[in-house]
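Dear colleague,

Please find below the structure that I am handing over to you, followed by an account of what was found in it.

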Amino acid sequence: IQAAYDYANFKAQSELENVTLRADHERKSAYLAKLEIDLEVARENEDRTLVIRDDAQINLDSAVEDLEIKRQFYAQELARITEDLAVMEEVINIFQSRVANMQDVLSKRIDQYQDGQQLGGIESQAGNLQKQWGGRLNEVSRA
């Protein structure tokens, strides 16, 4: 009798454990199905993210290349402008020295004129210039 009672008790506990194990198995199977879906979604997100990253890298490389081209152009233009500036400074210095020389010459001639001396042929030079440029100036003013 005790053996039958122990067997019945064992059988009931085994049945109860089987029910618990089946419920645990169903719960874990549902969780596994959810994880498989999540894994698929994660892989799709990863693929989209990789495409976006690759596009962003391409855009970044393009922008860096464009900026490098602009930097080189800026450096070339800066060098050209610096060279042009040096030339212009030289032209200005030459112009200023010629103006200073002309001012000295004119000051001396004015002093000579005020002293009653002749202008040293300025009238003849002015006449020559009028003959040389007068016709051209008239042509320009007509145009």
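The model is a predicted one, and I begin with a feature of its surface. Glu40, Glu44, Glu46 and Asp47 together make up a negative surface patch. One of these residues, Glu44, belongs to helix H1, which covers residues 2–114. Glu44 has a relative accessibility of 38% and is therefore classed as partly exposed, since that class lies between the 20% limit for buried and the 50% limit for exposed residues.

As to the chain overall, its secondary structure consists of two helices and zero strands. The chain has 143 residues, of which 1% count as buried. Its accessible surface amounts to about 13200 Å², and carbon and sulfur atoms contribute 59% of that area.

Salt bridges

The count of salt bridges comes to eight. Three of them are described here, including the partners and the exposure of each side.

The bridge between Arg27 and Asp24 has an N to O distance of 2.2 Å. Both Arg27 and Asp24 are part of helix H1, where they are three residues apart, or about one turn of the helix. Which class of exposure does Arg27 fall into? With a relative accessibility of 54%, Arg27 counts as exposed, because the limit for that class is over 50%. Asp24, by contrast, counts as partly exposed, as its relative accessibility is 22%.

Arg53 has a relative accessibility of 51% and so counts as exposed. For Asp54 the relative accessible area is 37%, which means that this residue is partly exposed.

The side chains of Asp84 and Arg80 likewise meet in a salt bridge, at 3.0 Å from N to O. How many residues apart are Asp84 and Arg80 in helix H1? They lie four residues apart in that helix, which is about one turn. Asp84 is partly exposed, given its relative accessible area of 35%. Arg80 is also partly exposed, with a relative accessible area of 40%.

With kind regards

How values were computed:
Residues are numbered from 1 along each chain as its sequence is written. This is a predicted model: local features need pLDDT of at least 70, side-chain atom pairs count only at pLDDT 80 or more; totals for chains, interfaces and linings use all residues. Side-chain values use heavy atoms; hydrogens and water are left out. Patches are made of residues with over 30% relative accessible area and no salt bridge: like charges are joined within 9 Å, nonpolar side chains (Val, Leu, Ile, Met, Phe, Trp, Tyr) within 5 Å. Accessible areas come from the Shrake-Rupley method with a 1.4 Å probe; for residues, only the protein chains shown count as cover. A salt bridge is a side-chain nitrogen of Lys or Arg within 4 Å of a carboxyl oxygen of Asp or Glu. Lys and Arg count as positive and Asp and Glu as negative; His and the chain ends are not counted. The place of a charge is taken as NZ of Lys, CZ of Arg, CG of Asp or CD of Glu. Buried means under 20% relative accessible area, exposed over 50%, partly exposed in between (1.4 Å probe, protein chains only).
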